[in-house]
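I opened my notebook to look up a few things in one protein model. My notes are below, in the order I took them.

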Amino acid sequence: MPHILVDRLVKSYRIAERDPGLWGAARGLFHRRHRTVHALAGVSFTLERGGLLGLVGPNGAGKSTTVKVLAGILRPDGGRVEVDGRHPFDDRERHVGRIGVVFGQRTQLWWDLPVGEGFDLLRDIYRVDPARYRRTRDELVAMLRLERVLDQPVRQLSLGQRMRAEIAAALLHEPELLFLDEPTIGLDAPSKLAVREFVRRANRERGTTVLLTTHDMHDIEALAERVLIIGHGRVLADSPVDTLRQQVFAQRRLVVDFAEVPPDALAVPGATVVARDGRTWTFEFDPATTAAPALIARLAAAQAVEDIRLEGLSIEEVISRFYAMHGAAEA
């Protein structure tokens with residue numbers, strides 16, 4: 001049985017609207033106008049135990065709504081949702097004791113309490129055995145390098161320190177499933193790398209099932225085995241990143257550093273020039289019709305070459321092109 005099963009999930013919101021200005025505010029007191037936003041319109045997917053799934057999409061696509069339904073925060077309007085055989089909203093008390101949730105822009109720790117005391121409170125809330133708690137806490141503190149901040153109030157932590165503390169807090173009760181909603185938002189590069197490394201270890205060494213939503217495509221490329229793309233409340237794609245890259249753009253790129261600036265008229269059969277920057281030119285070619293070694297030989301015969309790099313599309317370009325192909329833009 002899948003760890004997560006989502007079948008034709010539907011969730012809508014009713015949003016109040018009013019006309020601008022003072023007159024609009026006055027009219028809104030007596031004549032309220034509403035519109036319905038269909039956040040999820042038949043989303044279906046499964047995630048096996050021990051898997052790591054990346055959930056991506058434009059703002060307003062339904063990513064956070066999906067996580068909130070799976071975490072038991074929101075009741076779905078329709079469809080079937082099961083997490084380890086449980087119905088998240090209907091069985092919330094039992095459910096929350098078996099999952100960990102991190103929202104990048106919200107905190108589950110107490111703002112004025114030291115981090116260590118917040119951990120102790122969570123131990124009591126989750127009713128974790130003291131010996132088991134101490135073992136897990138010490139392991140998480142060491143892995144996430146939190147030794148120096150245990151006595152600091154949460155409000156005094158940097159964003160990177162707070163996010164590492166939030167992830168530790170979500171795992172103190174050793175959940176089998178971890179939901180991460182934008183865990184690296186606003187973090188500097190070293191903090192992002194630390195969070196990614198910990199999530200990777202938790203998934204591979206501890207067997208924790210992970211569902212990750214993010215706008216940082218480097219998170220997806222570094223961590224996710226599969227990527228699920230949502231747009232307009234529907235699943236647009238569900239595949240490994242490399243497969244998605246092939247679906248979106250079959251061509252490859254060859255970046256060439258010439259010994260001298262080539263003439264503008266330089267043309268090589270089987271390739272198209274897509275960028276020029278002095279001696280560095282970028283070519284695109286279809287490997288199905290033009291072999292890379294043959295193309296490199298043609299370039300070297302036409303112009304002296306210092307260096308050559310073969311590249312694929314970056315994950316940002318893949319996702320952006322996919323959005324454009326499917327008309328998925330920010331809602």
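These entries go from the whole chain to single residues.

**Ground rules**

I am working with a predicted model, where local features need pLDDT of at least 70, side-chain atom pairs count only at pLDDT 80 or more, and totals for chains, interfaces and linings use all residues. Residues are numbered from 1 along each chain as its sequence is written, and side-chain values use heavy atoms, with hydrogens and water left out.

**Entry 1: the whole protein**

I looked up the secondary structure and found 11 helices and 13 strands. Helices (H or I, at least four residues) and strands (E, at least two) are DSSP runs, numbered from the N terminus. I then took the box around the C-alpha atoms along the principal axes, and it is roughly 70 × 55 × 45 Å. The accessible surface comes to about 16,700 Å². Of that surface, 49% belongs to carbon and sulfur atoms. These areas come from the Shrake-Rupley method with a 1.4 Å probe, and for residues only the protein chains shown count as cover.

How much of the protein is buried? Buried residues make up 45% of the 331 residues. Buried means under 20% relative accessible area, exposed means over 50%, and partly exposed lies in between (1.4 Å probe, protein chains only).

I also looked at contacts (heavy atoms within 4.5 Å). Among those between residues at least 6 apart in sequence, 72% join residues at least 24 apart.

**Entry 2: the six-stranded sheet**

I traced an open sheet of six strands in the order β5-β6-β7-β3-β8-β9, with mixed pairing. Its edge strands are β5 (99-103) and β9 (234-239), each pairing on one side only. Neighbouring strands are turned by 15 degrees against each other on average, direction ignored. Axes here are lines fitted to C-alpha atoms, for helices over the stretch in contact, and angles run from 0 to 180 degrees between N-to-C directions. Two strands pair if DSSP finds at least two bridges between them. I reminded myself that strands of a sheet pair through backbone hydrogen bonds, either parallel or antiparallel.

**Entry 3: strand β3**

Which way does β3 pair with β8? Strand β3 (residues 52-56) and β8 (residues 226-231) are parallel, over four bridges. Four bridges also join β3 to β7, and these two run parallel. I followed L55 to both sides. It stands opposite L228 in β8, and its bridge partner in β7 is T213. L53 stands opposite R226 in β8.

Next I checked the cover. Five of the five residues of β3 are buried, so this strand is largely enclosed by the rest of the structure. L52, G54 and V56 point one way, and L53 and L55 point the other way.

**Entry 4: helices across the sheet**

Helix α2 (residues 63-70) lies across β3, β5, β6 (177-181), β7 (209-213) and β8. Its run is at about 150 degrees to β7. Six of the eight residues of α2 are buried, and the helix is mostly covered. I listed the buried ones: K63, T65, T66, V67, V69 and L70. After α2 comes G72, with a positive phi near 85 degrees.

Helix α6 (residues 159-171) lies across β5 and β6, at about 160 degrees to β5.

Is G116 buried or exposed? G116 counts as buried because its relative accessibility is 17%. This glycine lies in helix α4. Leaving aside neighbours within four places in sequence, G116 is in contact with Y133 and L150. I also checked P153, which is 37 residues from G116 along the chain, and their C-alpha atoms are separated by 8.9 Å.

W110 is in the loop between β5 and α4 (115-126). With a relative accessibility of 32%, W110 counts as partly exposed.

**Entry 5: positive phi**

Most residues other than glycine have a negative phi. R145 lies in the loop between α5 (130-143) and α6. E182 is in the loop between β6 and α7 (189-205). At a relative accessible area of 12%, E182 is buried.
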